[in-house]
Amino acid sequence: MGGESKRRFSALKITAIIVLLLVALIVAVPFLVDANQFRPKVESELTSALGREVKVGNLKLSLFSGGVAADEISIGDDPSFSRSPFVRARSLSVGVELKPLIFSREVRITGITLDQPEITLIHSAAGNWNFSTISSASTPAPVEKAAPKVGGQSDTKITVGQLKVTNGRVTVIRAGPRPKPRVYEKVNVQARDISFDSVFPRTVTANLPGGGSLKLEGKIGPMNRTDASLTPVAAALAVSHFDIIASGFVEPDSGLAGVLDFDGSLTSDGRQIRSKGTGKADKLQIVRGGSRAGLPVSLGYMLDYNMKNQSGTLSETKVEFGKSVARLNGSFDAGGDSTLVKMRLRGNDMPAGDLEALLPALAITLPKGASLQGGTLNADLSAEGPVDKLITSGTMGLFNARLAGFDLGAKMATVASLAGIKSNPVTAIEKFASDLRVAPDGIQASNLQLIVPGLGQLLGGGTVGSNSSLDFKMQARLTTPGGVIGSLTRSMGNEVNVPFFIRGTTSNPTFVPDVKGAAGSLLDSVVSGKDKSGEGTKSLGDTLRGLLGKKKK
């Protein structure tokens with residue numbers, strides 16, 4: 001072997017020995033260096049940064065991952081909210097620069113990973129959050145020594161290269177006489193280049209109660225040192241399959257139900273939130289006793305929210321169902337035990353056929369086998385009160401529609417026989433208008449007017465119960481030329497009013513003659529009256545009384 005070859009062989013040997021020594025060092029250092037000696041420093045730095053007492057478990061040094069791992073970690077809560085930890089995680093990994101950690105015992109954080117943390121967020125009745133005081137300058141925790149310089153920042157600043165929260169569980173509690181925890185599973189958070197004095201990107205994903213999901217992606221910061229909840233945010237928000245009952249948003253017996261999806265933007269200057277986007281409500285139910293609507297409701301919205309007052313406004317909102325379009329505007333106040341709303345919905349010339357799919361949400365079903373065809377709908381409705389006990393009132397009108405599969409003449413057999421009206425499987429509706437009051441326990445209709453060509457007008461009012469039961473007191477103002485009624489109108493020179501009741505259910509209404517009312521108000525006047533020739537109409541009155549009496553059985 002020549003001299004040159006020997007020198008190369010010797011160099012390779014030396015290199016191999018150095019590599020082996022480095023590998024041995026990497027393997028041995030975690031055993032030679034007790035990472036727990038750095039625990040007070042790590043706890044101190046995190047406590048100083050968060051303004052909350054931080055405790056970490058057994059520390060292990062990992063040169064391969066470039067950091068320190070802890071078996072567990074807990075972050076204290078604001079004592080005015082709870083004595084229990086604000087955050088408790090099964091494990092914590094802290095990425096650090098190893099050279100200053102080993103030789104100078106300085107902690108320079110490059111990344112933090114929390115695995116399976118349990119986080120409790122509490123919202124007080126005054127509108128404050130328990131995380132508001134995190135990093136608050138008014139409640140600093142004592143530290144042994146100022147934090148070292150990191151990434152060019154000053155001695156009092158800390159920068160974290162990356163933060164990860166994986167598979168977390170977040171419980172949100174709204175303080176009050178009956179706190180209702182809402183639990184969000186599989187919460188994941190990613191943020192980069194984190195500093196209290198800078199804007200940094202953040203992504204949050206979570207599973208919602210009831211099988212939905214949430215994704216928030218955007219930027220946050222600089223951190224508000226006085227109240228962390230007022231930190232500016234600009235993000236895109238996407239929520240899928242938000243079940244308003246499973247989420248705890250309303251009580252199961254409130255009558256409200258539905259599944260919501262929406263996509264939009266969210267910006268906040270720390271005081272005011274503005275959100276704009278589109279949403280869809282599927283399987284909507286509005287009153288107790290109703291059933292899910294067969295048609296989704298879509299909307300485009302603009303929302304402004306005052307974080308301090310916990311109140312906001314909804315504007316430029318377009319509500320669409322089928323081909324129908326309505327406008328919704330109003331305000332809400334979330335500062336109490338239940339969110340209060342005051343909204344107004346207005347729509348004109350909406351296709352009436354679309355209404356049929358929404359009627360079940362109001363505990364209204366059309367008579368069995370019937371369907372709405374053609375026509376237009378106008379509505380002007382105002383909703384006010386707690387979101388789970390809304391009272392909706394206003395007017396609604398249906399024009400030039402047909403109710404196919406429903407024979408009004410057959411249902412009103414008594415009146416039809418008096419008026420000489422023939423059966424017809426399709427009921428034409430020239431006008432149907434009413435004042436409405438919709439509450440969780442049902443619907444109250446007043447000033448009801450139904451104009452049916454060939455029959456006349458049906459006037460009155462009544463209620464639709466939450467179980468779809470009907471209780472209406474009506475009056476048929478008949479102007480038909482045929483039958484006994486035609487004889488009366490010709491002899492008396494005016495129209496004849498016949499009182500009756502509507503009972504049964506919305507799917508199977510029954511029309512019951514008000515015999516007492518008819519005999520007392522109509523027939524007595526006929527018996528005592530005179531026709532145009534001055535002759536009595538006793539026989540006509542007896543005939544009318546007999547016809548009504550037969551239907552009483």
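1. Helices here are DSSP runs of H or I with at least four residues, strands are E runs of at least two, and both are numbered from the N terminus. Bear in mind that this is a predicted model: local features need pLDDT of at least 70, side-chain atom pairs count only at pLDDT 80 or more, and totals for chains, interfaces and linings use all residues. Residue numbers start from 1 along each chain as its sequence is written, and side-chain values use heavy atoms, with hydrogens and water left out.

2. The length of α2 checks out, because 12 residues (39–50) at 1.5 Å a residue should span 16 Å, and the end C-alpha atoms are 16 Å apart. That expected span is 1.5 Å times one less than the number of residues.

3. Buried residues in α2 include Lys41, Glu43, Glu45 and Leu46; buried means under 20% relative accessible area, with a 1.4 Å probe and protein chains only. Their cover includes β1 (54–56), β4 (73–75) and β7 (109–115).

4. The largest nonpolar core has 100 residues. Such a core is a set of buried Ala, Val, Leu, Ile, Met, Phe, Trp, Tyr and Cys residues joined through side-chain atoms within 4.5 Å. Among the residues with the most contacts inside it are Ile73, Leu92 and Met412. Leaving aside residues up to four places away in sequence, methionine 412 touches Leu455, Leu458, Ala476, Phe500 and Phe511, where contact means heavy atoms within 4.5 Å.

5. Zooming out, the protein has nine helices and 28 strands, and 42% of its 553 residues count as buried.

Technical notes. Buried means under 20% relative accessible area, exposed over 50%, partly exposed in between (1.4 Å probe, protein chains only).
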